[in-house]
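User: I am new to this structure and would like to know what stands behind the terms used for it. Please go through them one at a time.

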Amino acid sequence: MADDYLVRIGKLIRDARQHRGWTQAQLAEALGTSQSAVNRIERGNQNISLEMIARIGEALDSEIVSLGYAGPMHLRVVGGRRLSGAIDVKTSKNACVALLCASLLNRGRTVLRRVARIEEVYRLLEVLGSIGVRTRWINGGVDLELCPPAEFDLDSIDADAAVRTRSIIMFLGPLLHRMDRFKLPYAGGCDLGTRTIEPHMIALRRFGLDIAATEGQYHAVVDRTVRPDRPIVLTERGDTVTENALLAAARHDGVTVIRNASSNYMVQDLCFFLEALGVRVEGIGTTTLTVHGVPNIDVDVDYSPSEDPVEAMSLVAAAVVTESELTVRRVPIEFLEIELAVLEEMGLDHDRTPEYFADNGRTRLVDLTVRPSKLEAPIDKIHPMPFPGLNIDNVPFFAAIAATAQGKTLIHDWVYDNRAIYLTDLNRLGGRLQLLDPHRVLVEGPTRWRAAEMMCPPALRPAVVVLLAMMAAEGTSVLRNVYVINRGYEDLAERLNSIGAQIEIFRDI
């Protein structure tokens, strides 16, 4: 039991340190101790006195640390409030995690600008740090610097952090060029039903990678004699599958053609980053990518990932559900055009500014103003398609939007096994959603939302949808254990409060 508390206290200290933007060395300096001591404390491998806990709390300006383990984070939402003003879209979560994995390709220094400060990023940084990558937040904690070791120490990998993120699967593509044999923990992430890695393996076997999955680990062996001698045809036009194939092709000494590739936003950002590393990629934005690999990448690179279209959609949905006028700035319009076309059909009143470029110089942005609108259910069902279709991750937001519209809307989430089921949690808040099967839900509106206390769904987007409905419901709601929201959104409660929401963060002491 004592060891368990030490681990929990260590994780709390680590999270507070990362939230402050400090490295272990900076905390050690503030405490007058060594970095190795801080590392042992954060891993739960060192006894720690109440005096030391108090000193750490003072150094990190974290009352939670000084109180010890405080349990999971919850949100208390006072609903029925109108939003107003303007809010900027943060950089893309999915692009940032792909770029962190892609940094493993580079023997030089990588700087990523305005990286999303989210739990998914923190977990990947823990994994990277455990295998020898030096990471630190710079420029006031806004940007991230990564410096790789000469050799990765995969025997020391932080398995606890790795299994809490599905992004670890994207280590396969870079590592197959660095190591003949290696092990990785199973990929985790959201609970969205059975998700096989076979599409990844179909692509990566063409580069000589063979995987045996046993005892909670992927055991990888690389045959250097195997090379892709014809185009790679992906059996699934998935984002992470395409990214893994790109990461493998980037250091393949030759030309790799990838067909049936995703052309989604995070894939495009990865392609732009690879070009900054000196890898030529033809066909960006299409389903056929031609990669001119570079066998050795050793450059100092500085890259700015673009804004997150899914966060933009969630902010638009927040305005719609709360019947507010809100300006959402820095919206990557190329990846929201279908969603906006559907909303226009439903009767959304909005306008947008002329287009301008994101900091990467490639992604097109607009500022979007949404106004209170009388919505009608769409004639056709809402269903996702690979880009340029309606984004898979934006489908759940239409459940809350459809619940405010007059009529019945059929939502067909054919990609994930469980996500449509989680959307029926809106019924606890007054929604009228009928589950037709594990992939289809019928939404009837308009809805008179009502406050409730409930557990957070274990999937990111349905969890945010429940939060948006709570913001629309008169009275006080409680959403418990919101870790999954923190996986994908940076300071979401505080940012929503800045535009008129009333959301309190609290913990069970």
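Analyst: A residue is called buried when its relative accessible area is under 20%. The model discussed here is a predicted one.

User: What makes helix α15 largely enclosed by the rest of the structure?

Analyst: Helix α15 covers residues 395–404, and nine of its 10 residues are buried, so the helix counts as largely enclosed. Among the buried residues are Val395, Pro396, Phe397, Phe398 and Ile401.

User: Why are β3 and β5 called paired strands?

Analyst: Pairing requires at least two bridges. Strand β3 (residues 110–112) and strand β5 (residues 143–147) share three bridges, in the antiparallel sense, so the two strands meet the definition. Within this pair, Val111 stands opposite Glu145 in β5.

User: Which strands are at the edges of the sheet?

Analyst: The sheet is open and has four strands in the order β4-β5-β3-β13, with mixed pairing. β4 (134–138) and β13 (301–303) are its edge strands, since each pairs on one side only. From one strand to the next the twist averages 15 degrees. Helix α7 (residues 119–130) lies across β4 and β5 and runs at about 140 degrees to β4.

User: What does Phe182 touch?

Analyst: Contact means heavy atoms within 4.5 Å. Leaving aside residues up to four places away in sequence, Phe182 touches residues including Leu154, Leu209, Tyr218 and Val222. In the largest nonpolar core, of 154 residues, Phe182 is one of those that touch the most other members. Helix α17 (residues 460–472) supplies the largest share of this core, 11 residues. Another core, of 16 residues, lies apart from it and includes Leu6 and Leu60.

How values were computed. Residues numbered from 1 in each chain as written. Predicted model: local features only at pLDDT ≥ 70, side-chain atom pairs only at ≥ 80, totals over all residues. Heavy atoms only, no water. Helix = DSSP H or I, 4+ residues; strand = E, 2+ residues; numbered from the N terminus. Axes fitted to C-alpha atoms, helices over the stretch in contact; angles between N-to-C directions. Buried < 20%, exposed > 50% of the residue type's maximum accessible area, 1.4 Å probe, protein only. Core = buried A, V, L, I, M, F, W, Y, C linked by side-chain atoms within 4.5 Å.
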